[in-house]
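I am keeping short notes while I look things up in the structure. Each entry takes one topic.

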Amino acid sequence: MAGLREERDAERAKIIEGKPERQHKLGKLTARERLDLLLDEDSFTEVELYRRHQLSGPKLGDNRPYTDGVVAGSGTIDGRRVFVYSQDFTLFGGSLGQAHAAKIHKVMDLALATGSPLIGLNDSGGARIQEGVEALHGYGGIFRRHAAASGVIPQISVILGPCAGGAAYSPALADFTFMVRDTARMYLTGPDVVEVVSGERVSHDELGGADVHGELSGSAAVVCDDEQSCLADVRYLVSMLPRNNLEPAPRTVGSGAGSEVRPRLAEIVPVEPNQPYDIRKVIAEVVDDEDFFEIHELWARNVVCAFGRVDGEVVGVVGNQPMVLAGVLDREASQKAARFVRFCDAFNIPLLTLVDVPGFLPGTEQEHNGVIRHGAKLLYAYCEATVPRIQVVLRKAYGGAYIVMDSRSIGCDLSLAWPTNEIAVLGAEGAVNVLFRKELAAEEDPEPLRQELIGAYTEEFLDPAYAAERGLVDDVIDPVDTRAAIARGLAMLRDKRTERPRRKHGNVPL
């Protein structure tokens, strides 16, 4: 037995040691080094360490390494169970074959069965060419499991190297995708194929680098400078999320937010409706310890989506960003916010919507590219959401964009407004130009009349009390009391339950 034990331990040590020099030369960590950073110390339990492919073929028959290029198992993050797989680029370039896929299927099944988050660390050249259709079948099994787990457990993909071809659909189906600059690349067809088909010459980073997906495509929710900070961010996000759709998000000790006054809130937002400010400063004043985690920070920056805590309770925050495009909604912002709202609703995370929106972005480019359809995604997401929903109108709330930003009419539970709020079909100047076009055109000098009409319209229709008197706003609050009012509202709505008509599913305007 002693001899068997010694032989076994030596074999295990050799497998676990791997070939770190190959990864380090590329400026990357090994699959196991990544797991050490992601998971709590000594918490990882590996499955199928000795798994090897059973196939023959070019460069396969005599090449049957243990693990088959993926380390899979379970560990904890802050003491909470997660399941994880980490692809090993030093074996077959991390490519996916039958045995490799079977290990991923196993941890996905276990994650769903135990109600635990799933995290995939991707570093793969894609399907293993030598295994042909078996590799494609393996990918199909992964995608089917992603769909089955959607809305049941949080799913996070982390791109730490190449993620090409069919492999790119796994991150696309996950709830959140993280990418690392300089080393992470994700695309369906690589630069060589692009050049052959279109004649366009493009580098790997230009085609599918982290900044491309963080800023342009919106495929990356978080972009990081290095693997260490990336995996630290994954840990932080997991600390905000529930383990599954039947458990609450982890609470921290409340701080008495229901009675707090935040004087800076009265200073951050200018009274003038055309003056910009950073909505993130408002979010920082509202959440605990000024601490929040922004999703898609680089993409569709005219709306901000973030997780934070208010009096210890996790909330999802959606806010217009006046610093970018004056905070208008457009097709990208609508998509970004809609997906975030649907995630929060699926996992019972209350929604806080901070409104300062002048409308939808006008123009032929927006209309021709489906701003109506994309705006409907956000509208649908809010209408469908059954979690506690609080709206705070900070300043402007004009037209259809006001409705879409979780207005009372589409089901928000508690609508609060600052004294500077302007809820109307149009701003005063736009409304006057439409309503009194003929009268203004008849004037030799229309400006005095225009200003008089703007003043009258503002006084009658943009008065902060106008919406409150009609029951469309629950309270007009002092800005300094915003955090307290939100905390009390969340406490009031904590036990909210909503019954929906039975149906297979709705038809989201995708």
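**Entry 1: Asp278**

Is Asp278 buried or exposed? I noted first that I am working with a predicted model. I then looked up the relative accessible area of Asp278, which is 16%. The cut-off for buried is under 20%, so Asp278 counts as buried.

I found Asp278 in the loop between helix H11 (265-268) and helix H12 (279-286). I next checked the side chain of Asp278 and found one of its polar atoms 3.0 Å from the backbone nitrogen of Arg280. I then left aside the neighbours within four places in sequence and listed what else Asp278 is in contact with: Ile268, Gln321 and Met323.

**Entry 2: Aromatic pairs**

I looked up the aromatic pairs, and the structure holds 10 of them. I took Phe176 and Phe343 as an example; their ring centres are 4.7 Å apart and their planes stand at 70 degrees, so I wrote the pair down as edge-to-face. The cut-off for that label is over 60 degrees.

Which parts of the chain does this pair tie together? Phe176 belongs to strand E6 (residues 176-180) and Phe343 to helix H13 (residues 331-346), so the pair ties together parts that are 167 residues apart in sequence. Phe176 is buried at 3% relative accessibility, and Phe343 is buried at 7%.

I went on to Phe307 and Phe340, another aromatic pair, with 5.0 Å from centre to centre and 50 degrees between the planes, which is tilted. Here Phe307 is in strand E10 (residues 303-310) and Phe340 is in helix H13, so parts 33 residues apart in sequence are tied together. I recorded both Phe307 and Phe340 as buried. I also found that one aromatic cluster is formed by Phe176, Phe307, Phe340, Phe343 and Phe347.

**Entry 3: Charges over rings**

I found the charged end of Lys28 over the ring of Phe89, 4.1 Å from the ring centre. I also found the charged end of Arg128 over the ring of Phe92, again with 4.1 Å to the ring centre.

**Entry 4: Nonpolar cores**

Which residues touch the most other members of the largest nonpolar core? This core has 65 residues, and I listed Ile119, Val158, Phe176, Phe178 and Phe307 as the ones that touch the most other members. Helix H13 gives the most to this core, with 7 residues.

Ile119 is in contact with several residues, among them Leu38, Ile77, Phe83, Tyr85, Val158 and Val238. There is also a second, separate core of 28 residues, and I noted Val269, Tyr277, Val282 and Val286 as included in this second core.

Why is strand E3 described as largely enclosed by the rest of the structure? I found that 7 of the 8 residues of E3 (residues 80-87) are buried, so the description follows from that count.

I looked up the pairing next. Strand E2 (residues 70-77) runs antiparallel to E3, and 8 bridges join them. Val70 stands opposite Gln87 in E3. The hairpin of E2 and E3 has 2 residues between the strands, and in this hairpin Asp78 takes a positive phi near 55 degrees.

E3 also pairs with strand E4 (residues 118-124), in the parallel sense, over 4 bridges. I ended with Phe83, whose bridge partner in E4 is Leu118.

Methods:
Residues are numbered from 1 along each chain as its sequence is written. This is a predicted model: local features need pLDDT of at least 70, side-chain atom pairs count only at pLDDT 80 or more; totals for chains, interfaces and linings use all residues. Side-chain values use heavy atoms; hydrogens and water are left out. Buried means under 20% relative accessible area, exposed over 50%, partly exposed in between (1.4 Å probe, protein chains only). A polar contact is a pair of N or O atoms within 3.5 Å; within protein, one must be able to donate a hydrogen and the other to accept it, and residues adjacent in sequence count only if both atoms are side-chain atoms. Contact means heavy atoms within 4.5 Å. Rings of Phe, Tyr and Trp (its six-membered ring) pair if their centres lie within 6.5 Å; planes under 30 degrees apart count as stacked, over 60 as edge-to-face and the rest as tilted. A charge sits over a ring if NZ of Lys or CZ of Arg is within 6 Å of the ring centre and within 35 degrees of the ring normal. A nonpolar core is a set of buried Ala, Val, Leu, Ile, Met, Phe, Trp, Tyr and Cys residues joined through side-chain atoms within 4.5 Å. Two strands pair if DSSP finds at least two bridges between them.
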